[in-house]
Amino acid sequence: MGKHKRASPQRYESAKGAGDTCAQIYSSMLIHPAYQKLTYRQRFLYVCCKDQIFGKRKPRNTEGYKEMPELCRDEVFFFGIDDAKQYGIADEKNHGSFYRDINALMKAGFIDKLIDGAKGRGRAVYRLSDRWLREK
């Protein structure tokens, strides 16, 4: 499989410039009732989840997960409280809001949890899902 040619972002799109990553969101998702039922915080969290897909350390590149083929797919990503803090959607005092929002994304069919990231067991592993298309 060939490499994708990466377009350079416009100045108004990126603080980094060439080599920066982006998370695509298609119009049909933005106007879909399942997406519109999400709160604004949950929508932003979903965009952050998609951002983890591109340019971030992936389970498939991590020694402990290389032997698990289901964790080596392109739609699989890590996401934990430290990632939420980096994006500004959690801090030391509001972990509960983050976990409620991530659970809402799972319930709505946008992501699936593959591995629980409970304390002492490593980072949580998720995958993007298309179940939202079938949710009522």
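Phe 98 is buried, with a relative accessible area of 2%. The residue belongs to helix α5 of a predicted model. Beyond its sequence neighbours up to four places away, Phe 98 touches Arg 41, Leu 45, Phe 79, Gly 80, Ile 81, Ala 84, Ile 89 and Ala 90. Lys 85 lies 13 residues from Phe 98 along the chain, and the two C-alpha atoms are separated by 9.5 Å.

Confidence in the prediction was examined next. The mean pLDDT of the chain is 83. A value of 70 or more is reached by 79% of its residues. Where pLDDT is low, the predicted coordinates should not be read in detail.

Helix α3 spans residues 40-53 and has 14 residues. From first C-alpha to last it reaches 21 Å, close to the expected 20 Å. The helix is largely enclosed by the rest of the structure, because 10 of its 14 residues are buried. These are Gln 42, Arg 43, Leu 45, Tyr 46, Cys 48, Cys 49, Lys 50, Asp 51, Gln 52 and Ile 53. Their cover includes the helices α1 (27-30), α2 (33-36), α4 (81-86) and α5 (95-107). The strands β1 (76-78) and β3 (125-128) also contribute to it.

Outside the four places on either side in sequence, Gln 42 touches Asp 101, Ala 104 and Leu 105. Arg 43 is also found in α3. With neighbours within four places left aside, its contacts are Tyr 35, Gln 36, Lys 37 and Leu 38.

Arg 43 is buried yet has no salt bridge. The nearest side chain of opposite charge belongs to Asp 101, 11 Å away. The side chain of Arg 43 instead reaches the backbone oxygen of Gln 36, at 2.7 Å.

Asp 101 does pair with Arg 41, in a salt bridge of 2.9 Å from N to O. Arg 41 lies in helix α3 and Asp 101 in helix α5, so the bridge ties together parts that are 60 residues apart in sequence. Asp 101 counts as buried, at 9% relative accessibility. Arg 41 counts as partly exposed, at 38%.

Side chains of opposite charge can pair when their charged atoms come close. Across the whole structure, five salt bridges were found. Asp 116 and Lys 113 form one, with their closest N and O atoms 3.5 Å apart. Asp 116 is partly exposed, with a relative accessible area of 37%. Lys 113 is likewise partly exposed, with a value of 35%.

A further salt bridge joins Arg 134 to Asp 130, where the closest N and O atoms are 3.5 Å apart. Arg 134 is exposed, with a relative accessible area of 54%. Asp 130 is partly exposed, at 43%. Finally, a network of salt bridges links Asp 112, Arg 127 and Arg 131.

Definitions and conventions:
Residues are numbered from 1 along each chain as its sequence is written. This is a predicted model: local features need pLDDT of at least 70, side-chain atom pairs count only at pLDDT 80 or more; totals for chains, interfaces and linings use all residues. Side-chain values use heavy atoms; hydrogens and water are left out. Helices (H or I, at least four residues) and strands (E, at least two) are DSSP runs, numbered from the N terminus. The expected span of a helix is 1.5 Å times one less than its number of residues. Buried means under 20% relative accessible area, exposed over 50%, partly exposed in between (1.4 Å probe, protein chains only). Contact means heavy atoms within 4.5 Å. Lys and Arg count as positive and Asp and Glu as negative; His and the chain ends are not counted. A salt bridge is a side-chain nitrogen of Lys or Arg within 4 Å of a carboxyl oxygen of Asp or Glu. A polar contact is a pair of N or O atoms within 3.5 Å; within protein, one must be able to donate a hydrogen and the other to accept it, and residues adjacent in sequence count only if both atoms are side-chain atoms. pLDDT is the predictor's confidence in each residue, from 0 to 100.
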